[in-house]
Amino acid sequence: MTTPEPEREARALLTRVIEPGDETGGRWIRRFGPCEVAERLSRRAHPLPGVTGTRWEGLCKRAVHANPRQDLAAAHRAGARLVCPGDSEWPAQLDDLGDTRPLALWVRGGPFLRLWALRSVALVGARACTEYGAHLAAGLASGLTERGWVVVSGGAYGIDGAAHRGALAAQGATAAVLASGVDQAYPRGHAELLNRIAEQGLLLSELPPGDHPTAGRFILRNRVIAALTRGTVVVEAAHRSGALATARSAQRLGRATIGVPGPVTSALSAGVHELLRGEATLVTDAAEIIELVGGIGELAPERRGPVVPRDLLAPQTARVLAALPGRGTATVEHIARGAATTNDEATTRLYELRSLGFAERAADGWKLADPARTGHFAPTLPGSETVPSGNGITDPAG
């Protein structure tokens, strides 16, 4: 399905006239259609409702100087295209933004946007990030792309750049949503990175070719990042970080909101921790992110400590092992009493423990095996040689 050419040109014009996220402009398009809105703005006729005369005049001046065919030609030269609502490539989840959804998206790169967006995760955070944050962002991005997910971020310095680089390093899929035209390298220091993303992934923008960012446009593009993806992961963010705006948009849209914790003493993690005190979910790796945003059965592996040989003992055998003294020897009767069992049962379990290398037979009873010889841990405890504990079973809360 393809948008008719007159509507495509109208939407191209409107991306240069109406600012991203303008709810009034969105209502106009829903009510009158893009072609009529573009025509009335270009001809300065019949002002549309909801704006002052001054505002209408300002929009009309923009429309008079707009040249949609020139913008479409410039996009073509840059290897970009205009994706409109109604196109087969349009991601339907952007419609969740209602009247603030993008009028259209300028897209640079080969992949099919709608399919990429189906399995995508936003990875955002502070521009002035720490080495800890950059390392985590790159690792998470690499892990996500290795599992077939697309990493979406904003192309900025800090966490955004680390996320894109992590995905590219893993030969994975990544997309950058920009606050400038897709033919503009912003920030300048990321010119090479943005070109690599365009070659291997996608650059997206609501703004036409040649347009430059403003402070407000950075905040407004965050709603697109949140709406486009299945969930938003914030790696590092201070209390006044723009990344938190992306997380709040994700919450409003019903998307997963996810945070990666940092040191409690770090101001750059304070915003993330505030999210985690609310409705956000804590994660530590890519598998845990996918468990939250993926399909049924895409579960993170269960986290366990290392398994040691004594963990595999039967309960009654483990009780007999626990009854062996930390030092010296003990009689079968003494061990049976400590294990709350009979002498015969204790003897059976002791021979089992000997075969497994946990216990040794001595002239006057039984004792723990020599750890240097068997490789089993038997700590030295203070006290007498007949203390019925200290058999290598350490305090699990220690």
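Predicted model: local features only at pLDDT ≥ 70, side-chain atom pairs only at ≥ 80, totals over all residues.
Cysteine 60 takes part in no disulfide, and the nearest cysteine sulfur, belonging to cysteine 35, lies 17 Å away.

**Cysteines**

- The sulfur of cysteine 84 has its closest cysteine sulfur in cysteine 35, at 10 Å, which is too far for a bond, because a disulfide calls for a pair of cysteine sulfur atoms within 2.5 Å.
- Cysteine 60 counts as buried because its relative accessibility is 0%, and cysteine 84, with a relative accessibility of 0%, likewise counts as buried.

**Threonine 317**

- Threonine 317 belongs to helix 14, which covers residues 315-323, and this threonine counts as buried because its relative accessibility is 0%.
- When neighbours within four places in sequence are left aside, threonine 317 is in contact with Arg349, Glu352 and Leu353.
- With arginine 349, threonine 317 forms a side-chain to side-chain polar contact of 3.1 Å.
- Glutamate 291 stands 26 residues from threonine 317 along the chain, and the C-alpha atoms of these two residues are separated by 38 Å.

**Strands 10 and 11**

- Strand 10, made up of residues 359-362, pairs with strand 11, made up of residues 365-368, in the antiparallel sense and over 4 bridges.
- A hairpin of 2 residues links strand 10 to strand 11, and alanine 359 has leucine 368, in strand 11, as its bridge partner.
- In a regular strand, side chains alternate between the two faces of the sheet.

Terms used
Residues numbered from 1 in each chain as written. Heavy atoms only, no water. Buried < 20%, exposed > 50% of the residue type's maximum accessible area, 1.4 Å probe, protein only. Contact = heavy atoms within 4.5 Å. Polar contact = N/O pair within 3.5 Å; in protein donor to acceptor, adjacent residues only side chain to side chain. Pairing = 2+ DSSP bridges.
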